[in-house]
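Morning, everyone. I want to talk about aromatic rings today. Please have a look at this before I start.

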Amino acid sequence: MNIGRSLLLWASKNEWMKSNVPKFKFVRRAVKKFMPGEDVKDAIDAARKLSGKNIPTTFTYLGENITNLSEAENVKEHYLHLLDRINEENLDVEISLKLTQLGFDISFDKTLEFFEQIARKAADYNNNVFIDIEDSSYVDKTIEFYRKIKEKNDNVGLCLQAYLYRTMKDIEEMLQIKPWIRLVKGAYNEPETVAFKNKKDVDKNFYKLSEYLLEQTKEKGLRVAYATHDTALHERIKAAAEQKGLSKNQLEFQMLYGIKTNEQYKLAEAGYNIRVLISYGNAWYPWYMRRLAERPANVLFVLKNIFRK
Ligand SMILES: Cc1cc2nc3c(=O)[nH]c(=O)nc-3n(C[C@H](O)[C@H](O)[C@H](O)COP(=O)(O)OP(=O)(O)OC[C@H]3O[C@@H](n4cnc5c(N)ncnc54)[C@H](O)[C@@H]3O)c2cc1C
C-alpha cells in the first residue's frame, strides 16, 4: 500500500485531527467537491439536478462509531424524517447507512430494532435501504445482521468489498436469501492477512466477483450494483453482461457525488442504470479522509483551497 494512502487512513481515525481539521475554512471549501452541503436540503437540491439527467440517487447522513444509544436513536429519527421528506419531494432516492451509526458497537439487538423501523418505513414508501460495509472487524457481524433483516424485510441491500479474500465465499453463502449486493473495492486500511494490498489484485477480484454476480442476475434476477469509478471495469462489466445476454437495464452502476460526473451522465445517456450516492451532514471528517486516501492527488486540491477566498 502506498504511504500517502496509509497516512490518510491513519489520519481518518486520529481523534485530534478529527476535532481540529474540520475547523479550517480551506478544508471545508475543499469538501464541497464531494458533498453538496451539510443539510438535507443541499442533498435534495443536488438529487433534483441529477434526477433531471435521469440519475437517481442514494442519501447517506454522515456519521459512524457513535458511543451511546441516544445518539443512535437520533440518527434513526433523522432517517425516518428523511424518508418522509424524500417521499414528499417525489424523488427516486434510496438511503444507505452505517450500522455503527445506529449503535452497532453498543448493542446488536438495539441496532436491529432501529434498522427495522427504518426498513419498514422505507417499504411503506416503496423505497429501499442499503447497509454500508465498514472495516473487516465488522464483516461477520454485519452479514449476520443482514441475514436477520432479510427474514422480514425484502427491501434491504448490503455492500461488500472486493479487496477482501472472503467476499466470493460470503456471496455464495448468502445466495439462498436472495441478497441485493452493492459491490465496491473497499475503503479501509486492511492487513494483508485479510485483503489484497495490490490494486491490480483488487481490480482482478472485482471483475471475478462481477462475472459471478452477472450470472446470478441472469439466473436468479439478483439486484447487483457495481459501485466503482473505474471506467475500465465499467467497460469489462458491460461487455460481460452483453455476452451473457443481459440487457442494459439489468445492469446497475453506482458512483459517488462529485467523482467522474461526466461519466455518470454518459452512462445514463447510454441507457444504463446509474445511481449516485450523495453524502451530507456535519460528521464528514473520517469519510472525507477516506475519499482523499482513494486518490492522494486530491490532497493537492485541498491545499489549493488555502489560497482561494
Ligand atoms: C456508491 C458507493 C458506495 C460505497 N460504499 C462503500 C462502503 O459501504 N464501504 C466501503 O468500504 N467503501 C465504499 N465505497 C468506496 C469504495 O470502496 C472505494 O473506496 C471507492 O469507490 C474508490 O474506488 P473505485 O472503485 O472508484 O476504484 P479506484 O481504482 O480507486 O478509482 C478508479 C478511478 O476513479 C477515480 N476516483 C476514485 N476515487 C476517487 C476520489 N476519491 N477522488 C477523485 N477521483 C477518484 C480516479 O480517477 C481513479 O483512477 C463506496 C463507493 C461507491 C461508489
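**Aromatic rings and their partners**

Let's begin with a cluster: Phe-104, Phe-108, Phe-115, Tyr-138 and Phe-145 are joined by ring pairs. Keep in mind that this is a predicted model.

How many aromatic pairs does the structure hold? The count is 14. I'll take two of them in detail.

Start with Phe-59 and Tyr-280. Their ring centres are 6.0 Å apart and the planes meet at 70°, so this pair is edge-to-face. The cut-off for that label is over 60 degrees. Now look at where the two residues sit. Phe-59 is in strand E1, residues 57-61. Tyr-280 is in strand E8, residues 273-280. Buried or exposed? Phe-59 counts as buried, because its relative accessibility is 0%. Tyr-280 is buried too, with a relative accessible area of 1%.

Next, Tyr-61 and Tyr-79. Here the centres lie 6.3 Å apart and the planes are at 80°, so this pair is also edge-to-face. Tyr-61 belongs to strand E1, and Tyr-79 to helix H5, residues 69-89. The pair therefore ties together parts 18 residues apart in sequence. Tyr-79 is buried, at 0% relative accessible area. Tyr-61, at 22%, is partly exposed.

Last topic: charges over rings. Which residue has its charged end over the ring of Tyr-207? That is Arg-236, 3.8 Å from the ring centre. Then there is Lys-150, which lies over the face of Trp-180, 5.3 Å from the ring centre.

Notes. Residues numbered from 1 in each chain as written. Predicted model: local features only at pLDDT ≥ 70, side-chain atom pairs only at ≥ 80, totals over all residues. Heavy atoms only, no water. Phe/Tyr/Trp six-rings, centres within 6.5 Å; stacked < 30°, edge-to-face > 60°. Helix = DSSP H or I, 4+ residues; strand = E, 2+ residues; numbered from the N terminus. Buried < 20%, exposed > 50% of the residue type's maximum accessible area, 1.4 Å probe, protein only. Lys NZ or Arg CZ within 6 Å of the ring centre and 35° of its normal.
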